[in-house]
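I opened my notebook to record what I looked up in this model. My entries go one topic at a time.

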Amino acid sequence: MENTKLDVNRKIPIRVYCLLVSMLLSTFSFEYAVFVSFMQTKLSLTQVGVLFAINSISVLVFEYLTGIFADRKGYKLTLLLGGIVFIIAQLIFLLSGSYVLLMLAMIFVAISIAAKSGADVALLHNILDDADLSSKFEEILCNLMSAVTVSEVLVLLLGAWISAYGFQWPFVLTIIASTISIAILLFVPEQRHNAPLSTKELIWSSLKLLATSKALLVSLVICVFGYPLYHVLTDFLQPYLTDTLGLHAKYNGVFYVAISLSMALGTKLTKRISKRIDILTCCYCSVGIISMAFITLIWPNILSAFASLAIIGFCFGVLYASVALLVNRIATDQNRATLISQQHAITKITQSVYLVVFGLLIEGMGLEHAFFIVGAFSLCVMAILAMFVRKKQNFVH
């Protein structure tokens, strides 16, 4: 009890704040709000679509590889390399009109995304553990995820506003933010408590954990059916608002802000919720509620749609944070980045399948009916999973 009190009351060292600021700045993408419009000044819309496809495939390819690299060579080094590659990509976007170079830039962006995936959280965990503040890890992680979600809204608004003075300025701001992030990261020490495993040992240990930890396996199933729903929603929300609800495009931002702020609140409260409800229940209940909210989108009513989207945002915040807490409770300091990357890689495959199937449903039945069917399917899966979990008492909470 005395050690716990000491851990709780211990002051957070400056290196932790440095890492948190660096992690936050690395998520700033001011150009995202105008990226397609800027690319259309150089390319056709079909070519832009190809760029996004290259990016998605590249993230999938590099996700697992960068996780292994981070666990073997160091989290700080991985983050630094990812940040440098990202800046190079932004410079290519800004200065080059070559289609080949732009494709290369999208691959660089994918590498940077994959490099950050898991390495940043693993470094944060190790630094807090080294400072005897491991009990604060989950609270700090939830607060960071909430801050990232809120900052994304502000960054998009600022990026869209400053683009009125020229499409190049959002890219310049992104480069500045990433440069500052790298500079701050240089002052953060690399923390490694155990000798790194070989590549073969890392792959084997992550697969073994997946096979032996029922909680990890169930969380992966939840992610496989839950995470793609967010991308389905964000990719097809604009036509739903304009075509189904009949809203003018200028009101789209209100709905996106509502989703983002609700998500930030969800991540912020996840640690508190998990003290009352076990972490797996948080996960599959979140997807269940999201699925029910998807079903309600079949009724084209502005107020009910706004409420449903706010609920979806909140539950996605709880889902993302709950899964992050669960995975980090099970992972070790030697395979944390690999385990997180493994999960992200698998869910990206199902995300692609969901988007294709959803597109086919739209063509055959209409957008609102597609939301209904996907929601009903996911709700059935979560109900079956919940019944399965309730019969098992030896899951990690």
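**Entry: second largest pocket**

I started with the lining of the second largest pocket, sorted by class. I found three nonpolar, two polar and six charged residues there. The model is a predicted one, and I kept that in mind throughout. The lining has 11 residues. Which of them lie nearest the centre of the pocket? I noted Glu139, Lys268, Lys271, Arg272 and Lys275. The most comes from α11, with four residues. For the volume of this pocket I wrote down about 240 Å³.

**Entry: helices α6 and α7**

Next I turned to a helix pair. Two packed helices are described by the angle between their axes and the distance between the axes. I looked up both values. Helix α6 covers residues 99-130, and helix α7 covers residues 137-162. They pack at an angle of about 145 degrees, and their axes are 10 Å apart. Is the crossing of α6 and α7 left-handed or right-handed? I found it to be right-handed.

Then I listed the residues that meet. From α6 I have Val121, Leu124, His125 and Leu128. From α7 I have Phe137, Ile140 and Leu141. By class, the contact holds six nonpolar residues, one polar and no charged.

**Entry: Asp132**

I moved on to the loop between α6 and α7, where Asp132 lies. What is its phi? Asp132 has a positive phi of about 60 degrees, although it is not a glycine. I also checked how open this residue is.

**Entry: Leu77**

I looked up Leu77 next. It sits in helix α5, which spans residues 75-95. Leu77 has a relative accessibility of 36%, so it counts as partly exposed. Which residues does Leu77 touch, leaving out those up to four places away in sequence? I found Phe69 and Glu190. I also compared Leu77 with Met39, 38 residues apart from it along the chain. Their C-alpha atoms are separated by 31 Å.

**Entry: largest cavity**

How many cavities of 30 Å³ or more are there? The count comes to two. I took the largest cavity to begin with, and its volume is about 180 Å³. It is lined by 15 residues. Closest to its centre are Ser26, Leu79, Gly83, Lys116 and Ser181. Four helices each supply at least two residues of this lining: α2 (14-25), α5, α6 and α8 (168-185). I sorted the lining of the largest cavity too, and it has six nonpolar, seven polar and two charged residues.

**Entry: second largest cavity**

My last stop was the second largest cavity, with a volume of about 40 Å³. Which residues line it? I listed Leu210, Leu216, Leu220, Val327, Leu339, Gln342 and Gln343. At least two residues of this lining come from α10 (214-244), and at least two from α14 (336-365). The largest share is from α14, with three residues. In this lining I counted five nonpolar residues, two polar and no charged.

Terms used. Residues numbered from 1 in each chain as written. Predicted model: local features only at pLDDT ≥ 70, side-chain atom pairs only at ≥ 80, totals over all residues. Heavy atoms only, no water. Axes fitted to C-alpha atoms, helices over the stretch in contact; angles between N-to-C directions. Left-handed = near helix turned anticlockwise from the far one by under 90°. Contact = heavy atoms within 4.5 Å. Nonpolar A, V, L, I, M, F, W, Y, C, P; charged D, E, K, R; others polar. 1 Å grid on protein atoms, 1.4 Å probe; cavity = no way out; pocket = protein on both sides within 12 Å on 5 of 7 lines; lining within 4 Å. Points joined across faces, edges and corners; volume = space filled by probe spheres on them. Buried < 20%, exposed > 50% of the residue type's maximum accessible area, 1.4 Å probe, protein only.
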